[in-house]
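Biologist: Could you walk me through this fold? I would like to see how each conclusion is reached.

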Amino acid sequence: MLRRALLAGSCAFLASPALAKTAPKPVHHPVSRPKIIALDPGHGGPDPGALGVSGTQEKGVVIRVARELQAQLQLGGKYKVMLTRAGDTFVPLRERVARAQEAKADLFLSIHADSHPDPYVRGASVYTLSEEASDREAAALAARENRADSVVAKMVAQPDAVAKTLVAMTQRGTGNDSRRLADTIVNTFGKGGIRLLPHTHREAGFAVLTSPDIPACLVELGYLSNPQDEKLLTVYQHQMALARSLRGSVDAYFSQSAATKKA
Ligand SMILES: [Zn+2]
């Protein structure tokens with residue numbers, strides 16, 4: 001908000017008729033710095049995440065998609081990308097949030113693959129932070145993902161920062177940006193032929209989405225408990241297609257943001 005006010009202020013300054021007459025100097029447009037994207041491949045180390053019917057581990061699938069997305073985003077120099085975990089290591093959820101904050105990320109994308117007792121359930125889904133879950137399944141998913149920290153025995157449950165974060169997010173407009181990002185991902189996945197879960201944008205109290213300043217979404221790329229989804233998630237072409245769609249979502253999100261600022 002402050003940034004928008006400053007921008008509006010500087011435009012008014014340049015447009016001043018008094019200055020226009022006496023200002024032969026060229027107008028320097030601010031050089032836009034690359035946007036910083038935090039990619040958060042879920043789980044890692046002793047925590048394999050969801051397990052596929054044929055034994056595929058979530059932690060392996062999501063880091064491959066994250067690395068592919070990192071490569072695609074970095075082409076063209078518009079983005080700088082940091083990963084919250086670079087290898088097969090355990091990083092606590094709070095540390096993931098801290099790493100993104102330290103990097104001053106403009107966007108946070110947590111990447112996962114889900115599992116469901118019903119093997120017919122398949123498709124990708126997108127989640128944003130909420131104190132109250134949109135439905136029972138989203139609540140159960142958040143509980144499962146938040147348990148990642150307790151996989152390492154000495155970790156204690158983190159205090160619930162969701163309510164506090166939501167207040168700060170509302171004040172800073174981060175909540176709206178996160179929801180807009182989620183809608184953009186749903187649209188781009190739809191256009192890219194990525195199968196989606198019905199009512200795919202859902203909300204719940206995900207610990208890894210609790211950075212008040214960074215618009216954030218958690219994406220479940222599909223269900224490892226569904227044999228077709230599991231197969232697809234291990235195929236390189238499909239991992240590339242997912243990364244391509246996510247890159248398209250990031251592009252669309254920032255071009256919308258730029259359009260809103262100009263308007
Ligand atoms: Zn997960």
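Predicted model: local features only at pLDDT ≥ 70, side-chain atom pairs only at ≥ 80, totals over all residues.

Biologist: Let's begin with the overall make-up: what percentage of the residues count as buried?
Modeller: The protein has 9 helices and 6 strands. Among contacts between residues at least 6 apart in sequence, 83% join residues at least 24 apart. Of the 263 residues, the share that counts as buried is 41%.

Biologist: In what order do the strands of the sheet stand?
Modeller: The sheet is open, is built from 6 strands and has mixed pairing. Strand 2 (79-83) and strand 5 (196-204) each have a single partner strand, so one side of each lacks a neighbour in the sheet and they stand at the edges. The twist averages 20° from one strand to the next. Read across the sheet, the order is 2-1-3-6-4-5.

Biologist: Which residue stands opposite His112 in strand 6?
Modeller: Strand 3 pairs with strand 1 in the parallel sense over 5 bridges, and there Ile37 has Leu107 as its bridge partner. Strand 3 also pairs with strand 6, again parallel, over 6 bridges. In strand 6, the residue opposite His112 is Glu220.

Biologist: How many residues of strand 3 are buried?
Modeller: Take the faces in turn. On one side Leu107, Leu109, Ile111 and Ala113 are buried, and on the other Phe108, Ser110, His112 and Asp114 are buried too. Both faces are therefore covered, since a residue is buried if 20 or more other C-beta atoms lie within 10 Å of its own. The count for strand 3 is 8 of its 8 residues.

Biologist: What angle does helix 7 make with strand 4?
Modeller: Strand 4 (residues 124-129) pairs with strand 6 (residues 216-223) in the antiparallel sense over 3 bridges, with Tyr127 opposite Leu218. Helix 7 (residues 174-191) packs on the sheet and touches strand 3, strand 4, strand 5 and strand 6. Its direction and that of strand 4 make an angle of about 175°.

Biologist: Within what arc do the buried residues of helix 4 fall?
Modeller: The buried residues of helix 4 (residues 93-102) are Leu93, Arg96, Val97 and Ala100. Seen down the helix axis, they line one face, because their directions fall within an arc of 95°.

Biologist: Why does Val97 count as buried?
Modeller: Val97 lies in helix 4. Leaving out residues up to four places away in sequence, Val97 touches Val208, Thr210 and Ser211. Val97 and Ile214 are 117 residues apart in sequence, yet 9.4 Å apart in space, C-alpha to C-alpha. Since burial takes 20 or more other C-beta atoms within 10 Å, Val97 counts as buried because its number of C-beta neighbours is 27.

Biologist: Is Lys104 buried or exposed?
Modeller: Lys104 is found in the loop between helix 4 and strand 3. Its phi is positive, about 55°, although Lys104 is not a glycine. With 11 other C-beta atoms within 10 Å, Lys104 is exposed.

Biologist: And what is the phi of His199?
Modeller: His199 sits in strand 5. With 12 other C-beta atoms within 10 Å, His199 is exposed. Its phi is positive in a residue other than glycine, with a value near 45°.

Methods:
Residues numbered from 1 in each chain as written. Helix = DSSP H or I, 4+ residues; strand = E, 2+ residues; numbered from the N terminus. Arc of directions from axis to C-beta. Contact = placed C-beta atoms within 7 Å. Pairing = 2+ DSSP bridges. Axes fitted to C-alpha atoms, helices over the stretch in contact; angles between N-to-C directions.
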